[in-house]
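Dear colleague,

I am passing on a structure that I have been going through, and I would be glad if you could look it over. What I found is set out below it.

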Amino acid sequence: MTLALSRAVRGLVALAALVGLAGCATVTPEAALMDDARPAVRELIHISPPDRARDVVSTEPFEVRVPRGRLERVTAAASHGGERLAVPGRISADGHSWRPATSPLTLAARYTVDAVAVDASGRRTARHTSFTTYVPEHRFIGYFSPEPESVVGTGMIVSFGFSRPITDRAAVERAIRVTASPPAEIAGHWFGATRLDFRPRTYWRPGTRVTLDLRLRDVRGARGVYGIQRKTVGFTVGRSQVSRVDAAGHTMRVVRDGRMLATVPITAGGQGNDTYRGKMVISQKFAMTRMNGDTVGFGGEYDISDVPHAMRLTGSGTFLHGNYWAPPGAFGARNTSHGCIGLPDVQGGGPSTPAGWFYDSSLVGDVVEVVGSPERVVAPDNGLGGWNMTWEEWKAGSALS
């Protein structure tokens, strides 16, 4: 580590000690302050169709409303046939609503919406939702990640989610070719009837170009159900970054291209809410997002509308994120969250905080490995957890093996 970088890292750790922040949730020996240290709030942002709605018809109203505040920004996109296109729209003059510039909704598409609003007291709230539109009878679509032409980390796993259950798995898997330059051994693995993931034997080499050749049109996925896509897309693998979280030692060591980049104090899951062990992959990044205990089985224990620098690690709700609401001394000393990994931050998200630095230094596809936690190893289908399987176990899940 260079002298300048050492000073920068010492500055990050010093800042963590000064601001005394904590992740996902925090406790003191006297009381549990976790994510519920912030009171629950009523929903400020209303989005239609509702989050996770399926089979939405093309004429369904699509709008974002803020009856008791004003919208700051709305970003919407639709993924259809292997392409992800922005959905243009306009915020009304009074700031209370947003509607798309065009209608109706595209069929066989997955829509995502990100909205940020401010209430009457000046408090900022963020919300992320998604929904899928109706797929005409006898057809299926494969929604995949990562985004076409994106630059990802070396741990990226290509993941397909199908709009209908697939019974002819060999035919569908054979119709999806995932290749790499330079070459790599790649295999598919089915997680149930609607999910197919692809990964190489080991992490991708930096600089690799990965190509997805979808030849699903007219391929039979189940009795009377046929594919509709025929498209070639790709993405590029960037530099290597693997971050090792020691839940027992309350630190995260960040290694870039084989060199130690930084050691950052963290707080992991508290007793009874321990953080999963094992290898996880950053699958989404949000500069700001809302975390509500109702969505992950914690009832009304917490509802924080402006969590900064949040990076998703599992589908069940494990994030690595910034925190500004914790009492002093939590970072580097105690595990106090509901299972997330917390880094020091300030309200609104500071670019020079440890959380801001790590967010800016990370790519979707970067690996975060957790050790020193009593919790079980994360399931391979919980997020992009497939790296927790041996190569032999992975290949055994292919319909072509």
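His321 is found in strand β27, which covers residues 319-323, and this is a predicted model, so please read what follows as computed from it. At 0% relative accessibility, His321 falls under the 20% cut-off and therefore counts as buried. Cys340, by contrast, lies in the loop between β27 and β28 (341-344), and with a relative accessible area of 3% Cys340 is buried as well.

These two residues carry the feature "active site" in UniProt, in an unreviewed entry. Although they span 20 residues in sequence, no two of their C-alpha atoms are more than 7.6 Å apart, so they gather at one spot.

A cis peptide bond, with omega of about 0°, joins Ser103 and Pro104, and Pro104 is part of the loop between β7 (97-100) and β8 (110-119). The bond from Ser181 to Pro182 is also cis, with omega near 0°, and Pro182 sits in the loop between β14 (176-181) and β15 (186-190).

His138, which is not a glycine, has a positive phi of about 75°; His138 belongs to the loop between β9 (124-133) and β10 (139-140) and, at 44% relative accessibility, counts as partly exposed. Glu149, likewise not a glycine, has a positive phi of about 65°; Glu149 is placed in the loop between β11 (142-145) and β12 (151-152) and, at 52% relative accessibility, counts as exposed.

Terms used: Residues are numbered from 1 along each chain as its sequence is written. This is a predicted model: local features need pLDDT of at least 70, side-chain atom pairs count only at pLDDT 80 or more; totals for chains, interfaces and linings use all residues. Side-chain values use heavy atoms; hydrogens and water are left out. UniProt positions are given in the numbering used here, feature names are shortened, and annotations may be inferred rather than shown by experiment. Helices (H or I, at least four residues) and strands (E, at least two) are DSSP runs, numbered from the N terminus. Buried means under 20% relative accessible area, exposed over 50%, partly exposed in between (1.4 Å probe, protein chains only).
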